[in-house]
Amino acid sequence: MIILCIGDTTLRKSRATCKMASISVPCLRFLRASNHTVFRQFVPTLYQASSIHTCNAINTAYKNTDFDKSLGFRRKSWKWEKYNRIVYPPQKEGQNIRPAEICHARFQIKYSPLKMWYIAVMIRGMSIDEALKQLSFYKRKGAAVVKEVLEEAQEMAVRDHNVEYKSNLWIASSFVGQGKTVRGLRKHRGPRYGMIHYRYCNVFIRLQEGPPPKHYYPPPPMGHDKMEEFIRDQRARRIIHSL
Amino acid sequence: MAAHIGRLVRIGCHQKILSCQVTSRCSPVPAISQCAPAVCLLQVRYPSSKHFNPKFRKLRRKKIMKIDLPDYGKVMKDQDMSADEKHKQMKKDKIPPPRIFQERPINISCTSAIFEPFVPPEGDGKSSLLSTEGVKQKYTEFEKKGKSFMALRKVRQFEDDFDIKDFALQAQDIVMEAQKCLEDIRGNRNRLHELVSEKAFVEMVFGLEKKTFHWKFVESIEPPRVTHVRTTEVLGKDNLYAQVTVRIHTKQILAIYDRFGRLMYGSETIPKDCLEYVVFEKHIANVYGQWRVHGKIIPDWMPPREPLIKTYRVATFEPLEELEEDSSSTSVEKQGEDTSVQTAA
């Protein structure tokens with residue numbers, strides 16, 4: 001295959017794609033697409049150095065050096081990133097405009113996942129401006145990290161995913177996963193040791209274009225609806241094992 | 001009151017009383033006897049990882065095995081560094097630079113630039129009798145004398161039956177087919193490589209990975225015409241490449257949809273008049289050389305393209321540092337996704 005070299009910028013992009021060499025599309029379980037989705041894989045075209053003109057062979061040369069050792073932990077979520085590569089077919093005239101969705105994650109944050117959960121849950125359903133405002137005044141270490149992640153995602157949305165206004169986003173999903181825990185020891189009396197867990201967490205964010213919904217979780221029924229539910233439950237009562 | 005606080009302190013030192021909230025219920029109109037401040041002592045506890053007895057801190061500290069936690073954030077940032085930044089970092093850390101393999105495959109099927117680009121005359125494509133006449137003069141001129149004529153002769157040395165008129169029609173077909181292939185880049189990549197040189201391939205395809213590209217050729221307004229021929233030698237006297245500029249005036253329909261199927265640019269129904277100066281290249285010294293699209297010349301006087309449907313902020317870039325290497329290295333401009341639409345006229 002004839003290969004050509006370009007500058008640093010596209011090479012960086014292609015370097016990322018080289019790593020995601022063989023991805024099988026059917027693995028994606030939670031499709032947010034309709035039945036007619038065109039599942040087009042990101043073409044991992046390799047634009048490496050070659051050419052009669054001067055080229056940047058340095059990038060390929062740095063591949064197997066000390067600088068590029070394989071990490072002992074997960075750096076990216078290929079699955080979560082895959083959502084950013086779904087290409088939907090063009091919409092027809094009468095259809096509702098599909099809102100843009102951007103998925104972003106950050107891994108191996110030095111913060112306990114249980115503590116980070118509170119922060120992740122707080123921002124669910126908020127508009128991105130509101131979330132950034134709240135996080136900047138939240139006295140938790142995790143809040144600063146999540147704020148960075150949100151800002152990155154917002155930038156990505158505007159630059160790569162054709163989102164017009166950076167404020168017109170809301171947080172559709174926000175959850176936390178465990179990262180690789182580093183274990184340490186604490187001596188107790190005699191030959192007894194206690195394990196110390198240096199916990200890491202991964203934060204996942206999904207931004208959606210549009211104004212935030214009024215209720216993220218379904219609110220408890222009030223008024224007329226509550227009365228209807230009550231009546232329904234009362235009428236559903238039965239005497240079991242009766243004749 | 002002091003006795004009250006003292007009693008609380010004796011109960012438990014680790015229950016830190018960090019706030020003593022005092023409220024006074026003084027009425028706005030002060031009456032001397034009615035002003036009775038009420039003190040509300042709220043015992044508030046904040047989480048603290050300090051041990052209640054600070055006496056044995058040092059011994060407790062010795063019990064913990066000290067671990068240097070790796071800075072994963074830094075590690076991940078290191079991975080994202082570009083080659084130049086890595087080079088600087090390695091110099092700082094005094095790690096020797098990596099060995100670059102000297103044997104590299106060299107691609108000689110296309111050149112890296114358009115040599116001596118054609119300068120289209122201003123006012124070309126506008127409907128006025130006088131201008132077209134002047135333009136026609138320029139086009140017929142090169143058939144009798146001039147650099148293009150000499151270059152044409154050189155091309156005819158390698159390719160006997162090179163006819164300008166036939167080539168112009170062929171060229172238009174090549175361009176139209178290449179544009180159509182962009183609708184499915186992955187599926188048509190082989191054919192696209194046959195029709196388009198490596199340099200132009202990058203320019204045509206960049207930014208279309210996550211987009212849907214709909215293109216249609218409506219009709220040609222004027223017959224295509226060859227305007228400019230040049231030949232260049234690269235790395236040797238007989239290694240000749242020929243570049244021919246063809247003027248193509250057509251009506252095209254272009255619609256680009258973003259990742260979510262929303263129209264980003266153009267329209268499916270309204271055709272646009274496109275005046276293009278497409279440069280074709282062929283490695284004429286090579287028996288198996290093919291005429292392929294090598295690039296496009298966009299003159300300064302050309303009216304700007306239709307704007308994108310959505311508004312966006314124009315990105316500001318820092319000025320690029322002056323490279324010490326010679327300028328023949330190809331560099332794709334750092335353009336945002338919005339401004340990377342290059343194929344439409």
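In chain B, K251(B) and E219(B) join their side chains in a salt bridge, with 3.6 Å from N to O. A salt bridge here is a side-chain nitrogen of Lys or Arg within 4 Å of a carboxyl oxygen of Asp or Glu. K251(B) belongs to strand β2 (residues 240–257) of chain B and E219(B) to strand β1 (residues 212–233) of chain B, so the pair ties together parts that are 32 residues apart in sequence. Strands (E, at least two residues) and helices (H or I, at least four) are DSSP runs, numbered from the N terminus. K251(B) is partly exposed, at a relative accessible area of 25%, and E219(B) is partly exposed too, at 39%. Buried stands for under 20% relative accessible area, exposed for over 50%, and partly exposed for what lies in between (1.4 Å probe, protein chains only).

This is a predicted model, in which local features need pLDDT of at least 70 and side-chain atom pairs count only at pLDDT 80 or more, while totals for chains, interfaces and linings use all residues. Residues are numbered from 1 along each chain as its sequence is written, chains are lettered from A and ligands numbered from 1 in the order in which they are written, and side-chain values use heavy atoms, with hydrogens and water left out.

Over all chains, the structure holds 21 salt bridges. One of them links R191(B) to E194(B), whose closest N and O atoms are 2.7 Å apart. Both residues lie in helix α8 (residues 189–195) of chain B, three residues apart, or about one turn of the helix. R191(B) is partly exposed, with a relative accessible area of 33%, and E194(B) is partly exposed with 45%.

Another salt bridge pairs R262(B) with D258(B), with 3.1 Å between the closest N and O atoms. Both R262(B) and D258(B) are buried. Through shared partners, salt bridges join E209(A), D258(B), R262(B) and K310(B) into one network.

The axes of helix α5 (residues 128–136) and helix α6 (residues 141–160) of chain A come within 9 Å and cross at roughly 155°. That makes α5(A) roughly antiparallel to α6(A), a term for angles over 145 degrees. Axes are lines fitted to C-alpha atoms, for helices over the stretch in contact, and angles run from 0 to 180 degrees between N-to-C directions.

Methods
Parallel < 35°, antiparallel > 145°, perpendicular 65-115°, else oblique.
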